[in-house]
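Biologist: I am new to this structure and would like a close look at one part of it. Please keep the account plain.

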Amino acid sequence: MQKGVSFFLTILFILPLILFSVESSAQEIEEKMVVVKGTDDWKNTKIKLYPQDKVTIRASGQICFSSQYCNIAKVDADGWDKNTYQADWPGDYAYCFDPLRQVNHAALIGNVGSDDFFIGKDANFTGKDGVLYLRVNDCSLTGDFGNSGQFEVFISVKHFK
Ligand SMILES: [Ca+2]
């Protein structure tokens, strides 16, 4: 009888600890495909990120970033090399400032809160707090030097609770 009681008490103490540790490592995967057109301003993915979330992004597709020269002004989500952009495309460069001037032109970029950052074709990151927005790193979306095409962006978020 004594043994039975102490066993019962032990379970009573340990069970909440086990349940708590399972709960604290619980994960939820959120996956979404978002199309970002070359003409889109910041596009709301409607995915809310928390600092501990692990985000994986894979982007395919191509955009043309300068309507008159679509045969060569074509990039995947990694964009046009920032080191040669000014020399290769002086008209586009002088027309306006890209949202992120230190990042490849017309690359896929992201925004969370006040934080803008490079994404490109493949990205893995954590530590963001807020809704994820996406766009192309180009200031001339339509009109002169306007864009066409799109990136198909697969987003996978591991939420930790
Ligand atoms: Ca453009």
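Which residue in β6 is the bridge partner of asparagine 111?

Modeller: This is a predicted model, and in it asparagine 111 has aspartate 116 of β6 as its bridge partner. Together β5 and β6 make a hairpin, with 2 residues between the strands. Glycine 113 lies in that turn and has a positive phi of about 60 degrees.

The hairpin can now be placed in its sheet. The sheet is open and has 4 strands, running in the order β2-β8-β5-β6 with antiparallel pairing. At its edges are β2 (43-49) and β6 (115-118), each of which pairs on one side only. On average, and with direction ignored, neighbouring strands of the sheet are turned by 25 degrees against each other. In general, strands of a sheet pair through backbone hydrogen bonds, either parallel or antiparallel.

Next comes the nonpolar core. The largest one has 25 residues, and Ala59, Ala106, Leu108, Phe151 and Val153 have the most contacts inside it. At least two residues of this core come from each of β2, β3 (54-64), β5, β8 (130-136) and β9 (148-160). Valine 153 shows some of the contacts: leaving aside residues up to four places away in sequence, valine 153 touches Val34, Val36, Ile57, Ala59, Leu108 and Leu134. As a general background, nonpolar side chains in soluble globular proteins tend to be buried together.

Definitions and conventions
Residues are numbered from 1 along each chain as its sequence is written. This is a predicted model: local features need pLDDT of at least 70, side-chain atom pairs count only at pLDDT 80 or more; totals for chains, interfaces and linings use all residues. Two strands pair if DSSP finds at least two bridges between them. Axes are lines fitted to C-alpha atoms, for helices over the stretch in contact, and angles run from 0 to 180 degrees between N-to-C directions. A nonpolar core is a set of buried Ala, Val, Leu, Ile, Met, Phe, Trp, Tyr and Cys residues joined through C-beta atoms within 7 Å. A residue is buried if 20 or more other C-beta atoms lie within 10 Å of its own, exposed if 12 or fewer, and partly exposed in between; C-beta atoms are placed from the backbone. Two residues are in contact if their C-beta atoms, placed from the backbone, lie within 7 Å.
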